[in-house]
Amino acid sequence: MPAPTRTAERYARAVAAALAAVACLLLAANAGPTSTAGSPAPVGETAPKPADVASVDR
């Protein structure tokens, strides 16, 4: 039977695991595409408003 672990040792392992999990979550959240090919258009380069487009009345 394994020797019992001390309470402080268990807490130290838990804190280390929590820090590793937070680091992984931060890295995953900041991971993204490096190219700008699929990025949305800047605010000034959107499609014109319908009122600005000439309409044809028939």
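**The salt bridge**

Tutor: Glu 9 and Arg 13 form a salt bridge, with their closest N and O atoms 2.7 Å apart. The term means a side-chain nitrogen of Lys or Arg within 4 Å of a carboxyl oxygen of Asp or Glu.

Student: Why can side chains pair like that?

Tutor: Opposite charges can pair when the charged atoms come close. Here, Glu 9 and Arg 13 are four residues apart in helix H1 (residues 7-30), so about one helical turn separates them. Helices are DSSP runs of H or I, at least four residues, numbered from the N terminus.

Student: How many salt bridges does a search of the whole structure find?

Tutor: One. Keep in mind that this is a predicted model, where local features need pLDDT of at least 70 and side-chain atom pairs count only at pLDDT 80 or more. Side-chain values use heavy atoms, without hydrogens and water.

Student: Is Arg 13 buried or exposed?

Tutor: Arg 13 is exposed, at 51% relative accessible area, and Glu 9 is partly exposed at 34%. Buried is under 20%, exposed over 50%, partly exposed in between (1.4 Å probe, protein chains only).

Student: What share of the chain is buried?

Tutor: 0% of the 58 residues.

Key
Residues numbered from 1 in each chain as written. Helix = DSSP H or I, 4+ residues; strand = E, 2+ residues; numbered from the N terminus.
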